[in-house]
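Me: I'd like to go through the aromatic contacts in this one. Can you take my questions as they come?

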Amino acid sequence: MKPELDLFASLKSLVSKIITPELNAWGVGDMSGEISLERPAMAEHGDLSLNIAMAAASRAGKPPRQLAEELLHALETDDRFGDLCSDVSIAGPGFINIFIADKALAEAVTGSLARGDDFGRGIPAGKRRILLEYVSANPTGPLHAGHARYAAYGDSLHRIISFAGDSVKTEFYINDYGSQMELFGRSLAARYAQALGADAELPEDAYKGEYLVAIAERIAADDGDRWLSTVLPEPGEEAVGHFSTTGSRLILEDIRVNLERFRVSFDSWFSEASLYENDHLGDVIRRLEASGDVYHKDGAIWLRTTRQGDDKDRVLVRKSGEPTYFASDIVYHQEKLSRGFDHLINIWGADHHGYVQRMKAAFSALAEDPGKLEIIIGQLVNVLEMGEKQQMSKRAGKMVTLEELLDSIGVDAARFFLVDRSHDSTLDLDLEKAKLKSEENPVYYVQYAHARICSILRKAAEDRVDSSPCKTTVLQPQERNLVLKLLEFPGIIQTAAATRGPHRLTAYMRELAAVFHVFYHKCPVLRAEPDQVSFRMDLCRLTGNTIRIALGLVGVSAPESM
RNA sequence: GCGCCCGUAGCUCAACCGGAUAGAGCAACGGACUUCUAAUCCGUAGGUUGCAGGUUCGAGUCCUGCCGGGCGCGCCA
């Protein structure tokens, strides 16, 4: 976003320019990174507030208010600053409070409006290529509420980081390899036999979910009893392979369909099994050996991850000769890097947090910078039924699926709800309550503001409202509040992206909708004084654009009427 | 036992790099539609930010120790 179109950003750089000589004169060293303009909680404290005098006080060895006086003088005598600001004063322990001129605010609205759907978009940031991996489920069952949370979070993060200016691709890692897949194949084979009326028993610890019955019936319908002799009394290796492959393909298709309905899309889908089509594992192990941290013990191959701070060393290849999931993951991450990505973001559930250290250690062993690997731990979702916590288990088939969530509360409410709180907090989800909540979900509050704006603009077009150009340079308090809230948007985008926190955006939308609703009640638009109509329509347009953009960044629709 | 996350209004949650009088929504109570959408707005009430120390101009935020809850500590994934 061009600086002159982001009033807050350009004010910040102007203030920095003005006060830097003063800071230098105090001999406090480089404090340029600490200069920040904040929006005070209270209107009396100005539109923007500068706290650098207090931050510098101890290093300068002078009282903060005295320093503030010097900065105030520098600001007051600067012509450019005088053009943009109507007042500046010192308050409290040494805050410098800045009041922006109404004229500058009105011009910023015009400039922001001209950016259309790009209002708030950041400047493309260099050549860094990011790969964001999330959801990454076993294709052994439908996605559940926990996956839904990470899907909503990850997809929103993708949209936000991209909008903020970084280049991000997304990937779904399909865990279609290993013992869980074999167990899945055996479970499905038994269901298949049962579907054909045979007396087959599910293996121990089997996937017991009802969805497997439906899949087995479908395979029975497609293939008839062709496989029956190979699965009884015990399924052979070939049959297990067939059922796990066929079953996972069908489940993956179901996963794709539901994610698409959830407005979550991936640039690529990567199969773990495909890692074994060539000897990538051997290549990676040879590479790890160069670190000197690979050793053999008890018939297995180990990586000395303790050298990088892990609790214990980890097995790469079992004594059976099968690679561990850890080994797969190292190969996978090596593969990601070799595709040219230089920053990898993974979203993992809290139940995998113990895995972070060993993965970082693996990066070190590969002679890669562990800083290239950013792992975001998302806390879990508790599903409550009648207030009772339910254990979610894919194998036991006990879970609330993404599909059920969408059927009961809809895409918009589900996405807003799941992303509206920090990923760092455990989320309680009571499906019955969530259904009730759909009526009072804050998403409707935000969407309603958008619909209301559209309604005004429709009416303006119908009535051919006559609006002469804006002459007023004095804004009503409600207009000021709305403009100031709108101008926060570019900064909110940057913060949400940098802190990986989409919930900041939903919180912002609620605030924006609130100040708009207040504006709506106090400031008529179409029936305003003739020279005010044009500016108020601009305010409506810019608010509408901003809500639409913000909702879009969390994958929620912006209805034109409700 | 060790590691990570969390503890804020009755409930669900915010609070930017440590900023001024800790904010929203829901629930409760009282008001506002002959008007550009009342899915809205205005008002009232609601707090020792789990507890105890420490750091400093200033702590919900940082440090230490407790208490409580979640998750993990496999040659499962």
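Me: Is phenylalanine 172 buried or exposed?
Reply: This is a predicted model. In it, phenylalanine 172 has 0% relative accessibility, so the residue counts as buried.

Me: How many aromatic pairs does the structure hold?
Reply: There are 19 aromatic pairs in the structure. One of them joins phenylalanine 172 and tryptophan 269, stacked at 4.5 Å centre to centre with 20° between the planes.

Me: Where in the chain do those two sit?
Reply: Phenylalanine 172 is in strand S6 (residues 167-174) and tryptophan 269 is in strand S7 (residues 268-271). They are 97 residues apart, so the pair links distant parts of the chain.

Me: And why does tryptophan 269 count as partly exposed?
Reply: Because its relative accessibility is 24%, and buried means under 20%.

Me: What about tyrosine 173 and tyrosine 332, how are their rings arranged?
Reply: They are stacked, with 3.8 Å between the centres and 5° between the planes. Tyrosine 173 belongs to strand S6 and tyrosine 332 to helix H12 (residues 325-338), 159 residues apart. Tyrosine 173 counts as buried at 1% relative accessibility, and tyrosine 332 counts as buried at 0%.

Me: Which residues do ring pairs link into a cluster?
Reply: Tyr134, Phe172, Phe266 and Trp269.

Me: Switching to charges. Which ring does the charged end of arginine 129 sit over?
Reply: That of phenylalanine 341, at 4.4 Å from the ring centre.

Me: And arginine 358?
Reply: The charged end of arginine 358 sits over the ring of phenylalanine 326, 6.0 Å from its centre.

Definitions and conventions
Residues numbered from 1 in each chain as written. Chains lettered and ligands numbered in written order. Predicted model: local features only at pLDDT ≥ 70, side-chain atom pairs only at ≥ 80, totals over all residues. Heavy atoms only, no water. Phe/Tyr/Trp six-rings, centres within 6.5 Å; stacked < 30°, edge-to-face > 60°. Helix = DSSP H or I, 4+ residues; strand = E, 2+ residues; numbered from the N terminus. Buried < 20%, exposed > 50% of the residue type's maximum accessible area, 1.4 Å probe, protein only. Lys NZ or Arg CZ within 6 Å of the ring centre and 35° of its normal.
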